[in-house]
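Please keep the sequence and the structure at hand while reading.

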Amino acid sequence: MSPEESSAHPNPHRFQKRGFSYEQAIKYFFASNAGLTIVILAMIIIFLLKEGLGFFPGYQRELEVYRVAGLEFVDISRKNLTAHEQLSSVLNRAYYAEINGQSFRQMRRSQEASALFNSYTDQTGATRDLVLNNSRAAGDPNSEMLAALNANFETQKAKALSSLPPTPHLTAQERTSLIESIRARAIESTEDPPLVTTLAGEFAAAQQKFAEPLQGMRATIDAFAAAGADLSSLVSDMTATVTATKEKIQGADILEKDRKTLLAAAASARDPVEREKLISEAKASLADKPDIEGPIQTLLEHRPDCVRLHTALKETSGGILNQLPITLTQPEAARLLKVARNTWPLFIADLEKTPAAINAWKHDAPVPLTSAISSFLTGKDWVTGGEWQDFYGILPLAAGSLMISIVALSLAIPTSIGAAIYINQYASNWEQSIVKPVIEFIQAIPSVVLGFIGILVLGTVLRDISLLDSLHWVPGFPLTERLNIFTAGCLLALMSIPTIFSLAEDALNNVPSAYAEASEALGASRVQTTFRVVVPAAFSGILAAVLLGFGRVIGETMVVLLVAGNRIKIPDFSAGLGTFFQPCHTLTGIIAQELGEVPMGSVHYRALFVVGILLFAVVLTINATAHRFVNKMKH
Amino acid sequence: MFNPETLIRKGLPKGHFKDVAVRSLLGGLTYLVVIIAALLFGKIIIDGAPVLFKAEAPFVDFNFLTAKNETLHVFDDATGKRHQLPASAYNDYLLKHEGATIYNEQTYSYSGGGILGPIVGTALLTIGSMVLALFFGISAAIYLSEYAKQSPFIHAVRLAILNLAGIPSIVFGLFGFSVFVLAVPIITVTPSDRSLLTIPIFIGNAVISFQGWNSSLMAGCATLACMILPVIITASEESLRAVPQGFRDASLAMGATRWQTIRKCVLPFSLPGILTSSLLAITRVAGETAPIMFTAAVAAKDDLPWQGLKNPFEILSSQVQALPYHIYTLAAKIPSSEYTQRAQYGSVFVFLVLVAMLSLGSMILRAKLRAKLKW
């Protein structure tokens, strides 16, 4: 209805007198509600930036203090020391992997026997204590209460003996004798059953036997470990000095900040008396400029020592490699030895470069803002709340998110697209009416429930599977961590299957039926029609489905927070496929875990918002790409 | 003679085995998903159902649903009998048996009593956020389907909806925290130190202070509403567009205004569809944890939201427990043992039953709707 017509009405509405009709008001009301979406999106961007952008100057200041106080100087030596420790730990692990691998059977037998005994003591411990404590307290061995307690203990004992863990490496006879000896055990006895002791002894003997030929290796490893001792004591000396300097600078920073706040408050205060008070307080808060030069100079006096010790360490380490055995018999031990051999040249090269770095280091070199940004984007450490120095490097988190997505997508893509093709091309109506609701229901499961399933069911099941001897060849088995990348990936696969499935099925549905009909008319078989005509025609839609699934996986929070293991470290890629069984932390998980605990407005708090901005940008890019593919298909 | 029979190939067609192989491979993948899903639910049902159901009448253990959440105390009395009591019953026990010695006492946080607090909190959050989202979402959808023509504004709105729908829930958590918890305006006489801006309104000492609503029910509802808004808009627009154009044309031709047309001829026919699809949105709102972690939820709370309040509006500014956050706490913060399993599996089971009922309801309603509305 045009405005001319309505204004011709004899009794115009009061809005209309001002050239503003009731109808138009309603229209603008609805339009403003539609505009709300734009407002929300804009607010998300503005507020994320508002909280997040302060991070970079704050982090720059932290890095500046890190340099000025000399922490950076100590870290040069520290890094080498850590590398040295890691190398000797890898060698030690190789050594023990070799011995334990050779005495694997004895180890398992001993472990299983003690696991069985422990399961018994865990279950009966409480009732047993009760009997022992009370019989001492009551003093009367014939009391009724003691009888009740004893009976209680006996029932618990019978229950415990009927639910013992399996012992595949013990013979049936051994198991029976072990159970018998437990049953016959006196209640106050604290000794282990004889079989447990025997098997532990056998294991120790086997270890000793297999350690015999490796004595040379043991000595080499010990010599290598001892070579770092001097450097280590020097570093701990220097650490004490620089930490004190850092504390002084930080104290001064806080006073300075207080002073600024007080001055700002004074400027806006109306009452002159109060203003005077605030200004005088601000003056009192004026900090002495902390003495930086003095401690730095004492620190730099260690320079020659530092260089000397590094050269010495390099020379000792250079010879060690040749004294190690060429290879070891156990696969895990051989792998670790190989890892040590591969990283050795890097370690030596680092040591070689160190003296130059030590001599070139300057405490007054400026820290530009770009270095704060690059250290955020490419930093390998996310260390917070430590006493030494906080680092906000995003790589460990991004690596974790990416690894989990890889696992999730490589499980979800084949299943969901396969299922979509099956449902679209082959399934009968009743099959569709079963599968579709089930998949829709999976989509409705809250992610925290999936995380719960992962933590209490899937993690335990996977670890039990990994303990099977027949699966010993799988890399990473047996699992050391119940919660790891793979567990989280499995659950996220389940989460993304509905998304990918329904979008891919839509894409297949949208292929004009004439394509398939034409293909069949030309004599193509069903398989040919499906895979050469229908699927290629729907390809960009399927790709969009996969991308949207990826966006969902990388933005998911609760499952990874609960199930990924939450260890902030770049996964150790030298483990090959076993890398997927290590714990990790993710971009989403870190926000959920740490935001509740950080002080508002701190650098750490702002860092979490920057992670949020990054996540936002990544997910929006993925979704935008996906929608481009969808649009391409429509045209 | 020419025999046409020779032209017909006997036996199985070429490529039949390949066809069968491909078909069974794809079918296998499909049913793998179904079986895995069934196994997971089976596990939850087997472990969780005994908490809620029992063998004798009335078969449902309402105590778990109607009791408050408390710390669980596990201990042995002097006769060796093991007791598992929630904190309040434990204190009663101590009063009754004064001087009795207790052995092997262990406590498990959040594991005793029932889950009334979380259920009520989730219900309040869901109702609040759905009311907000439905109001704004349906209004926006009406504009998009009834008024809008191609324009840069509409283009921007559609782009915003598309992008909002893809934002990860944890980013909504950050957004809700920085906006609703820390920045939105309130009217107060004592503005906080962190207030971004204060505007005097000259009624007593009151000022409008941009200091946020703290972690509260309103902040949580607003965050969840923002998150679910794109879903509601898309679903509502679809339902509105499903109403045939003829209804509108007829109404307009009779001289009705556009608003009258919408109110009488479009909305009544699309409301069932809108409400059905918002049932699915409810399952999402009720299940999200990340957006409410910092904006509304609290792990332990002794009172129900409406207890101990001076006026009923205070309920909006109090923190609440929420079922998904409760499950998160149970799974992440306390070690699993035979005494905590009741709380853990029970809560998950109740939650899953709720979600299943909602999504089943939505499926059935949708099927009915499709059968009924045929124009």
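## Two residues of chain B

B:A300 counts as partly exposed because 13 C-beta neighbours lie inside 10 Å of it. The model is a predicted one, and B:A300 sits in the loop of chain B between α10 and α11 (323-332). Between B:A300 and B:D61 there are 239 residues in sequence, and their C-alpha atoms are 23 Å apart in space.

B:I292 belongs to helix α10 (residues 290-293) of chain B. It counts as buried because it has 32 C-beta neighbours inside 10 Å, and the cut-off for a buried residue is 20 or more. Setting aside neighbours within four places in sequence, the contacts of B:I292 are B:L125, B:G220, B:T223, B:L224, B:A297, B:A322 and B:Y325. B:W306 is 14 residues from B:I292 in sequence, with 19 Å between the two C-alpha atoms.

## Confidence of the prediction

For the complex, the predictor gives an ipTM of 0.89 and a pTM of 0.84. Chain B has a mean pLDDT of 84, and 93% of its residues reach 70 or more. Among the elements of chain B, the highest mean pLDDT is that of helix α7 (residues 217-242), at 93. The lowest, 75, belongs to helix α2 (residues 62-66) of chain B. Where pLDDT is low, predicted coordinates should not be read in detail.

## Chain B as a whole

Chain B contains twelve helices and six strands. Its domain assignment has two parts: domain 1 covers 62-113, and domain 2 is made up of 120-168 + 215-330 + 352-372. Taken over C-alpha atoms, the centres of domain 1 and domain 2 of chain B are separated by 42 Å.

Along the principal axes, the C-alpha atoms of chain B fill a box of roughly 110 × 75 × 40 Å. The radius of gyration of chain B is 28 Å, whereas a compact globule of 375 residues would have one near 21 Å. Of the 375 residues in chain B, 41% are buried. Counting contacts in chain B between residues at least 6 apart in sequence, 76% join residues at least 24 apart.

Helix α4 (residues 116-147) of chain B has 32 residues. From its first C-alpha to its last, this helix reaches 45 Å, close to the 46 Å expected at 1.5 Å a residue. In α4(B), 23 of the 32 residues are buried, so the helix is largely enclosed by the rest of the structure.

## Chain A as a whole

Chain A has 26 helices and two strands. Its C-alpha atoms fill a box of roughly 110 × 80 × 70 Å along the principal axes. A compact globule of 635 residues would have a radius of gyration near 26 Å, and chain A has 34 Å. Buried residues account for 34% of the 635 residues in chain A. Among contacts in chain A between residues at least 6 apart in sequence, 78% link residues at least 24 apart.

The domain assignment divides chain A into domain 1 (3-53), domain 2 (101-221) and domain 3 (406-634). The centres of domain 1 and domain 3 of chain A, taken over C-alpha atoms, are 41 Å apart. The contact between these two domains takes four residues from domain 1 of chain A and six residues from domain 3 of chain A. On the domain 1 side, these residues divide into two nonpolar, one polar and one charged.

Helix α23 (residues 539-555) of chain A has 17 residues, which should span 24 Å at 1.5 Å a residue. The end C-alpha atoms of this helix are 24 Å apart, so the two values agree. Most of α23(A) is covered, with 14 of its 17 residues buried.

## Where the chains meet

Methods:
Residues are numbered from 1 along each chain as its sequence is written. Chains are lettered from A and ligands numbered from 1 in the order in which they are written. This is a predicted model: local features need pLDDT of at least 70, side-chain atom pairs count only at pLDDT 80 or more; totals for chains, interfaces and linings use all residues. Domain bounds come from an automatic or database domain assignment. Helices (H or I, at least four residues) and strands (E, at least two) are DSSP runs, numbered from the N terminus. The expected span of a helix is 1.5 Å times one less than its number of residues. A residue is buried if 20 or more other C-beta atoms lie within 10 Å of its own, exposed if 12 or fewer, and partly exposed in between; C-beta atoms are placed from the backbone. The radius of gyration is taken over C-alpha atoms; the globule rule is 2.2 Å times the number of residues to the power 0.38. Two residues are in contact if their C-beta atoms, placed from the backbone, lie within 7 Å. pLDDT is the predictor's confidence in each residue, from 0 to 100. Ala, Val, Leu, Ile, Met, Phe, Trp, Tyr, Cys and Pro count as nonpolar, Asp, Glu, Lys and Arg as charged, and the others, Gly among them, as polar.
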